Each structure stands twice: as structure tokens, then as C-alpha cells.
Amino acid sequence: AVQLTPKMLYTLALCSSYRNQHEKSLELCKRSLNLAIKRDDQEGMSHAILGMAISYYHLDHLQDSLKEIYNLQIVMNILELSQVRLSSQILKGQILRKMKKFDQAL
């Protein structure tokens, strides 16, 4: 049997998101996060949290999405993943724009 890794679950979540299956994507990201925590995989945690933030954004749960971005910033203080950091900053700008907080979005 194939052992799923946090990164594999995150990748499956992204595929679900691209298919507009955002609830499924969120569930896969939560599974990814739980597995990453269990394995003390900080990179896996970062990707899973970013995926959750993206899923919440697409589900119009903007406050939950922002909360996950703040959680991600805490993890990113320990670990430097420039792609994850940049993606979360872009997402945060999109959320704030959607909330009509244009000055903060800039």
C-alpha cells in the first residue's frame, strides 16, 4: 500500500481546488496538516496551512482564511519557504481586496 505524505495530500488538495471541489480540498489539507504535525514535518505543515487558507478563500470564509495565513506566518518564523511566503502574501492581498480593505491590501 502507498503511504501518503503531507505533501502528497496537499497536492491532491490543489487538484481538488482546481476542479472547484473546495470542501474536498479543505478536508485533504486538514488531513495533510494532521499528518505533518504527527511527523513533525514543518514544511508539510506550511503547505497544508496555505492550502487551508486557499480553500477557505474559495469558500468565501475570508476570516478563516486570514486566520490560517496568520498561523502560517508563525510557522514561517521558524522555516523559510519563499514560495509559500509569497503565495500567502498574494492570497492575503486578495482577501483584503475582497473585503474592500483596499489600503491594507496594497
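How many aromatic pairs does the structure hold? The answer is 0, where a pair means rings of Phe, Tyr or Trp (its six-membered ring) with centres within 6.5 Å.

Some ground rules before I go on. This is a predicted model, in which local features need pLDDT of at least 70 and side-chain atom pairs count only at pLDDT 80 or more, while totals for chains, interfaces and linings use all residues. Residues are numbered from 1 along each chain as its sequence is written, and side-chain values use heavy atoms, with hydrogens and water left out.

On confidence: pLDDT is the predictor's confidence in each residue, from 0 to 100. The protein chain averages 91, and 100% of the residues score at least 70. The lowest mean is 85, in H6, and the highest is 97, in H2. Helices here are DSSP runs (H or I, at least four residues), numbered from the N terminus.

Now helix H5. H5 covers residues 82–98, which is 17 residues. From first C-alpha to last, H5 reaches 24 Å, close to the 24 Å expected at 1.5 Å a residue; the expected span is 1.5 Å times one less than the number of residues. After H5 comes Lys100, with a positive phi near 65°.

The buried residues of H5 are Val84, Ser88, Leu91, Gly93, Ile95 and Leu96. Buried means under 20% relative accessible area, with a 1.4 Å probe and protein chains only. Their cover includes helix H3 (42–58), helix H4 (62–76) and helix H6 (102–105).

Take Ser88, in H5. Why is Ser88 called buried? Because its relative accessible area is 5%. Leaving aside neighbours within four places in sequence, Ser88 is in contact (heavy atoms within 4.5 Å) with Leu50, Ile69 and Leu72. A polar atom of the Ser88 side chain lies 2.8 Å from the backbone oxygen of Arg85.

Ser25 counts as buried because its relative accessibility is 2%. Beyond neighbours within four places in sequence, Ser25 is in contact with Ala13, Ser16, Ser17 and Ser55.

Notes. Buried < 20%, exposed > 50% of the residue type's maximum accessible area, 1.4 Å probe, protein only. Helix = DSSP H or I, 4+ residues; strand = E, 2+ residues; numbered from the N terminus. Polar contact = N/O pair within 3.5 Å; in protein donor to acceptor, adjacent residues only side chain to side chain. Phe/Tyr/Trp six-rings, centres within 6.5 Å; stacked < 30°, edge-to-face > 60°.
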